[in-house]
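I wanted a quick look at the packing in this one. Notes below, in the order I looked things up.

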Amino acid sequence: MTTNDSDSAAKPPAKDPWDLPDVSGLTVGVLGGTGPQGRGLAYRFARAGQKVIIGSRAADRAKSAADELGHGVEGADNAECARRSDVVIVAVPWDGHAKTLESLRDELAGKLVIDCVNPLGFDKKGAYALKPEEGSAAEQAAALLPESRVTAAFHHLSAVLLQDEAIEEIDTDVLVLGEARADTDLVQALAGRIPGMRGIFAGRLRNAHQVESLVANLISVNRRYKAHAGLRTTDV
């Protein structure tokens, strides 16, 4: 055996980054599922055939929102939503982020958690990014949920477009961040369940702050051009 033969035998071929798992059988929970972003994500996943449960502090409110969404969406309080779901999307307001996750630490243990919260402030000049003590909302989630597998994704989506029943495809990429490739692959595959959408790996959680912060720029774009801007990654 030559040296080259030995090297090729020792190194397995690189995994195709687009070889993603089948996630069609996973139940997706959406904490904050009665808010605009949460409702929009719940609607899109359910419309794509995913089993979806939306959570709220009040079960009655969640069930009412679920009935409005249709497509088999169920509503429950946050704790039940977390317990019954395989994957849990965190779409709560930033000011309730830490408190909500702290209260659900046990229910979220062992779960794949996708944080899509954007820490933003607003003043007369418009939207601006906030810098959490942990570095980002996603890193705060990871600190508060040590027994969960925390990822970050779905930050740059227009709630207006997500909820518009007349729109067949959501033309955007989703930047996905996380510590384990198996977890980010799952999130990318979930993003791909929504027609027009594509998940792109964008680094580890330490890079989440700039991804979350970019929403402030998109808000400025949308206000200037009366649009619902998203993102596309070129040459990938």
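How many aromatic pairs does the structure hold? I found one, taking Phe, Tyr and Trp rings (six-membered ring for Trp) as paired if their centres lie within 6.5 Å, with planes under 30 degrees apart stacked, over 60 edge-to-face and the rest tilted. The F45 and F154 ring centres are 5.8 Å apart with planes at 90 degrees, so I logged the pair as edge-to-face. F45 sits in helix α2 and F154 in the loop between β8 (149–152) and α8 (159–163), 109 residues apart.

Before going on, I noted that this is a predicted model: local features need pLDDT of at least 70, side-chain atom pairs count only at pLDDT 80 or more, and totals for chains, interfaces and linings use all residues. Residues are numbered from 1 along each chain as its sequence is written, and side-chain values use heavy atoms, leaving out hydrogens and water.

Both F45 and F154 are buried (under 20% relative accessible area; exposed is over 50%, partly exposed in between; 1.4 Å probe, protein chains only). Skipping neighbours within four places in sequence, I listed the contacts of F154 (heavy atoms within 4.5 Å), including L41, F45, I89, V174 and M197.

Next I checked α3 (59–69), with helices being DSSP runs of H or I, at least four residues, and strands runs of E, at least two, numbered from the N terminus. A62, A65, A66 and L69 are buried there.
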